[in-house]
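Biologist: I am new to this structure. Please take me through the terms used for it and show what each one rests on.

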Amino acid sequence: STALQLPITADEAGSGLVPPAVATELLGDAGAVLILVMLFMAIVSTGSAESIAVSSLVAYDIYREYLNPDATGEQILFVSRCVVVGFGLVMGALSILLFELGLNLGWAYLFMGV
């Protein structure tokens, strides 16, 4: 933020707001819209991949392997859908908890040792 004299605080920088501030400073409103679109695409892509991975692991490697070896395709699909909903709710609750505790990207970087 020092190089462009961006009007952001250290807390905002620690929360990961430097890229949107730079894009807005360099490209104006178009930069803000581009950052918003890129953020949306990244979140949806990551969430989809995580949900599919967790639901497949639970449905095939746990449910079909140990709980119901004779499961039909419909039963596996039902379990998979239930896991996607449950996983989404748990991750949403966890994200709210982390937000309320004040743990942001700055904390994550320090925790990783970066």
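Modeller: Start with the expected span of a helix, which is 1.5 Å times one less than its number of residues. This is a predicted model, and helix 3, residues 29–67, has 39 residues.

Biologist: How do you know that helix 3 reaches close to its expected span?

Modeller: From its first C-alpha to its last, helix 3 reaches 53 Å, against the 57 Å expected at 1.5 Å a residue.

Biologist: What makes Thr 46 partly exposed?

Modeller: Thr 46 is another residue of helix 3. Partly exposed is the class in between, with under 20% called buried and over 50% called exposed. The relative accessible area of Thr 46 is 48%, so Thr 46 is partly exposed. Thr 46 is 58 residues from Asn 104 in sequence, and 18 Å from Asn 104 in space, C-alpha to C-alpha.

Biologist: Why does Ser 80 count as buried?

Modeller: Ser 80 is found in helix 4. Its relative accessibility is 16%, and buried means under 20%, so Ser 80 counts as buried. Leaving aside neighbours within four places in sequence, Ser 80 is in contact with Ser 55 and Ala 59.

Biologist: Which residues of helix 3 and helix 4 are buried, and what do they pack against?

Modeller: In helix 3 they are Gly 31, Ser 51, Ser 55, Ala 59 and Tyr 63. These pack against helix 2, residues 18–27, and helix 4, residues 73–101. In helix 4 the buried residues are Ile 76, Val 79, Ser 80, Val 83 and Phe 87, and they pack against helix 3.

Biologist: What makes a set of residues a nonpolar core, and which residues form the largest one?

Modeller: The members must be buried, of the listed nonpolar kinds, and joined through side-chain atoms within 4.5 Å. The largest nonpolar core has 6 residues: Ala 59, Tyr 63, Ala 71, Ile 76, Val 79 and Val 83. Helix 3 and helix 4 are the elements that give two or more residues to this core. Helix 4 gives the most, with 3 residues. Ala 71 touches Tyr 63 and Ile 76, not counting residues up to four places away in sequence.

Biologist: How do helix 2 and helix 3 cross, and within what distance do their axes come?

Modeller: The axes of helix 2 and helix 3 come within 6 Å and cross at roughly 145 degrees. Helix 2 passes helix 3 in a right-handed crossing. Helix 2 makes the contact with Pro 19, Pro 20, Ala 23, Thr 24 and Leu 27, while helix 3 brings Asp 29, Ala 30, Gly 31, Ala 32, Leu 34 and Ile 35. By class, this contact has 8 nonpolar, 2 polar and 1 charged residues.

Biologist: What follows helix 4?

Modeller: Gly 102 follows helix 4, and its phi is positive, near 85 degrees.

Methods
Residues are numbered from 1 along each chain as its sequence is written. This is a predicted model: local features need pLDDT of at least 70, side-chain atom pairs count only at pLDDT 80 or more; totals for chains, interfaces and linings use all residues. Side-chain values use heavy atoms; hydrogens and water are left out. Helices (H or I, at least four residues) and strands (E, at least two) are DSSP runs, numbered from the N terminus. Buried means under 20% relative accessible area, exposed over 50%, partly exposed in between (1.4 Å probe, protein chains only). Contact means heavy atoms within 4.5 Å. Axes are lines fitted to C-alpha atoms, for helices over the stretch in contact, and angles run from 0 to 180 degrees between N-to-C directions. A crossing is left-handed if the near helix is turned anticlockwise from the far one by less than a right angle, and right-handed if clockwise. Ala, Val, Leu, Ile, Met, Phe, Trp, Tyr, Cys and Pro count as nonpolar, Asp, Glu, Lys and Arg as charged, and the others, Gly among them, as polar.
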